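Work through the exercises below with the sequence and the model at hand. Each task is followed by a solution in steps.

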Amino acid sequence: MRTLTIVGSAALVTWLVASGISVAQSNTWTTTTGDVRVTCPLTVGGSFEARTTTLKGRLSLDPATTAIAGELSVELKTLDTGISLRNQHMLDNYLEVQKGEDFETAVLSNIDVGPLTTGVTDGHSRFTARLRLHGTLQAVAGQATMSERGSAVRVEASFPIRISDYGIRDPRYLGVGVKNEVVVRVVFFANKDS
């Protein structure tokens, strides 16, 4: 779920670099609206989504590199699967949000989009980043698509994570479980700070 955050940040960095932002201009961006969805495939077939709109962050581009400073974060307590009992099990038994800040928030940082071609304002890119989830920091990689929308940028990104990499117990209830790999998808808008 924190993985979503990472993908969005990478896409924003890609757009910032590709847009040719100069050092003299503001190179800080703040997220405004966001939609995060984690697709959880079930061991017996089918899947469900955990959703939230509480994506927030402030990012700035280092003009000399392809790295983005700052973070994107998601309050995990706001994730909703559409079923209250499943929400309770997910938050209390598996994500363990009651254990404190490192467990209640997913954070994407250290985003790098690699070499980019300047002059492009729309496009997609691969990215790497670090995701802190369930008190554990791991590298992640994914794809992001971004497009200019007036003074804002729209970012759509996705990446897979393996829940076992974050020390999360194997989610099971009445013989049905969630597979080890889930996919995080995020769509958000970010505005340039003045």
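The model is predicted, so local features need pLDDT of at least 70 and side-chain atom pairs count only at pLDDT 80 or more, while totals for chains, interfaces and linings use all residues. Residues are numbered from 1 along each chain as its sequence is written, and side-chain values use heavy atoms, with hydrogens and water left out.

**Exercise 1. Describe the secondary structure and the burial of the chain.**

Step 1. Assign the elements: helices (H or I, at least four residues) and strands (E, at least two) are DSSP runs, numbered from the N terminus. The chain has 3 helices and 11 strands.

Step 2. The pattern reads α-β-β-β-β-α-α-β-β-β-β-β-β-β.

Step 3. Sort residues by relative accessible area: buried is under 20%, exposed is over 50%, and partly exposed lies in between (1.4 Å probe, protein chains only). Of the 194 residues in the chain, 46% are buried.

Step 4. Look at contacts (heavy atoms within 4.5 Å). Among contacts in the chain with a separation of 6 or more, 68% are between residues 24 or more positions apart.

**Exercise 2. Which residues are linked with Asp35 in a network of salt bridges?**

Step 1. The whole structure contains 8 salt bridges.

Step 2. Start from Asp35. Asp35 pairs with Arg37, with the closest N and O atoms 2.8 Å apart. Asp35 is partly exposed at 25% relative accessibility, and Arg37 is partly exposed at 27%.

Step 3. Take the pair Arg51 and Glu49, whose salt bridge has an N to O distance of 2.9 Å. Arg51 is partly exposed at 39%, and Glu49 is partly exposed at 26%.

Step 4. Join them. Asp35, Arg37, Glu49 and Arg51 are linked in a network of salt bridges.

Step 5. Arg154 is partly exposed at 24%, as is Glu156 at 40%.

**Exercise 3. What lines the largest pocket?**

Step 1. Define the space: on a 1 Å grid over the protein atoms alone, a pocket is an open set of points with protein on both sides within 12 Å along at least five of seven lines, and lining residues have an atom within 4 Å of a point. Grid points are joined across faces, edges and corners, and the volume is the space filled by probe spheres set on the points. The largest pocket holds about 470 Å³.

Step 2. List the lining. There are 23 lining residues, and Phe48, Arg86, Tyr94, Pro171 and Val178 lie nearest the centre of the pocket. Elements giving two or more residues to this lining are β1 (28–41), α2 (84–94), β9 and β10 (176–177).

Step 3. Helix α2 has the largest share, with 5 residues.

**Exercise 4. Which residues of α2 are buried, and what do they pack against?**

Step 1. The buried residues of α2 are Asn87, His89, Met90, Leu91 and Tyr94.

Step 2. These buried residues pack against β2 (47–52) and β9.

Step 3. Examine Asn87, which is buried with a relative accessible area of 13%. Apart from neighbours within four places in sequence, Asn87 is in contact with Leu79, Asp80, Thr81 and Gly82.

Step 4. Look past the helix. Glu96, which follows α2, has a positive phi near 50°.

Notes: Salt bridge = Lys/Arg side-chain N within 4 Å of Asp/Glu carboxyl O. 1 Å grid on protein atoms, 1.4 Å probe; cavity = no way out; pocket = protein on both sides within 12 Å on 5 of 7 lines; lining within 4 Å.
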